[in-house]
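Here are my notes for anyone opening this one for the first time. Keep the viewer at hand and go through the points in order.

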Amino acid sequence: MRGSAFSRHWSQVRNWRPTKAKCVAPCRSLAATLLLAFVAPIVSAEQPDSLAFQRVGHLRHGINTSNWFAQAGDYSVQRLRTFTTADDIRLVHRLGFDHIRVSIDAEPLLAWQHKQANGIAFMGELDAIVKVANQQDLAVIIDIHPDSRFKQSLLQGGEPVERFGMLWHALAAHFAPTDPGLVFFEIMNEPEQSDPYRWQGIQSFVAGQIRDAAPNHTIIACGAHWSGLEDLLQLSPLALPNVIYTFHDYEPFAFTHQGATWTTPAVQPLRDVPYPSTPENIAKNVEQEPTLAGQFFVQQYGLDRWDAHRIDVTLNFAERWSELNHVPVYVGEFGVHRPYAAPVMRAQWLRDMRIAMEKHHLGWAMWDYQDNFGAVTKKDGQTIPDPAVIDALGLTLPSAATP
Ligand code: BGC
């Protein structure tokens, strides 16, 4: 069985027992050491991973095509063809993006792997989009973007991990004939794994499956939890070459997620949060918070004085991790929830981020194309790019005459 390597390795870690009954912290670190021994590079990465650096050159400025092949509920061919279209992909190219990060739900992929009709139809639509994008030299990141339930299932022992490895093996084999300079495999969006050591083992196992099925393609790996910068900084690079490392950056959260309903409760009541922040200019937002915890959260945002300099200092750490490990780093998501953010401040944060990412040699993909963080608005059959966003991203609106 393909996944048995993971079970064998994992059972070594799982079955290890302390000799003293009440050993907590030291035992954990020994288990961690055992696991790290498995994932530590077999060859020392003293030289830059030149192929990965070459490949990341095609991931300089991208956009996330969200809520299309993932997080949608309805994956009928009818919706897949109309929510975002081949014309949208052509527009993305004309706007000057060089890649799309396509979030893809695990369930329809499993249906495809098990040869179910709905899964086969889903894959047909995905194949068509990859083709349309690649024909225009737009690279595509195949990002497995499952729901939390799927991610949590990976915590239930070795079997779900082996199944996940088999899914990736099948997927990588399917896309192996594509141009490896234009199709990338991102193992999992925001894995939500609370144990970074275990995630390191899972990721290393799955990467091996991908490499086995598509040896020339570049893999994108990430840190545990929600793939933030701190998760990246704690990650040890995989034992494989030709891997790009990613993180997501939505800091400061009080600004980027103002009014969002699906995440930390403190952001939900927030409206018109200013950026840059000062202890004085957030006073009215502190009042929007009904709880002390919420008020503390917003007060911190003011005291932290978020601005271009702070973003720059933060992103410098990603560049340093990249240099230390001789591997490229890529920011797969950043963006601002748009319903309650002042457009001019949203554009300012996007600009500050983009300038700092470029300075620190980090390719990026904005979240998202057309949804609630969007770069375009779709209305009455028209797709209207937001000029302030496009400009903040350093791109240019195409003239009507551009084909
Ligand atoms: C999640 C989306 C969310 C976005 C911003 C993504 O990784 O999948 O559901 O809207 O992050 O929070």
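1. Start with helices H15 (residues 308–325) and H16 (residues 343–359), which pack at an angle of about 35° with their axes 9 Å apart. Their crossing is right-handed. On the H15 side, the contact is made by Ala308, Ile311, Asp312, Leu315 and Glu319, and H16 brings Trp349, Asp352, Met353, Ala356, Met357 and Lys359. Sorted by type, the residues of this contact come out as seven nonpolar, four charged and no polar. Do bear in mind that this is a predicted model.

2. Next, have a look at H9 (residues 158–175) against H10 (residues 196–213): the angle here is about 30°, and the axes are 8 Å apart. Angles under 35 degrees count as roughly parallel, so H9 is roughly parallel to H10. The crossing of H9 and H10 is right-handed.

3. Which residues of H9 and H10 make that contact? From H9 you'll find Val161, Glu162, Phe164, Gly165, Trp168, His169, Ala172 and Ala173. H10 answers with Arg198, Ile202, Phe205, Val206, Gln209, Ile210, Asp212 and Ala213.

4. Now the ligand. Around it sit Gln71, His145, Asn189, Glu190, Tyr250, His257, Trp262, Glu333, Trp367 and Phe373. For Gln71, an N or O atom of the side chain is 2.7 Å from an oxygen atom of the ligand.

5. Stay with Gln71 for a moment, and check its backbone. Most residues other than glycine have a negative phi. Gln71, though not a glycine, has a positive phi of about 55°. You'll find Gln71 in the loop between strand E1 (61–69) and helix H4 (77–82).

6. Last, the peptide bonds. Asp368 is in the loop between strands E8 (363–366) and E9 (376–379), and Trp367 is one of the residues around the ligand.

How values were computed
Residues numbered from 1 in each chain as written. Predicted model: local features only at pLDDT ≥ 70, side-chain atom pairs only at ≥ 80, totals over all residues. Heavy atoms only, no water. Axes fitted to C-alpha atoms, helices over the stretch in contact; angles between N-to-C directions. Helix = DSSP H or I, 4+ residues; strand = E, 2+ residues; numbered from the N terminus. Parallel < 35°, antiparallel > 145°, perpendicular 65-115°, else oblique. Left-handed = near helix turned anticlockwise from the far one by under 90°. Contact = heavy atoms within 4.5 Å. Near = heavy atom within 4 Å. Polar contact = N/O pair within 3.5 Å; in protein donor to acceptor, adjacent residues only side chain to side chain. Nonpolar A, V, L, I, M, F, W, Y, C, P; charged D, E, K, R; others polar.
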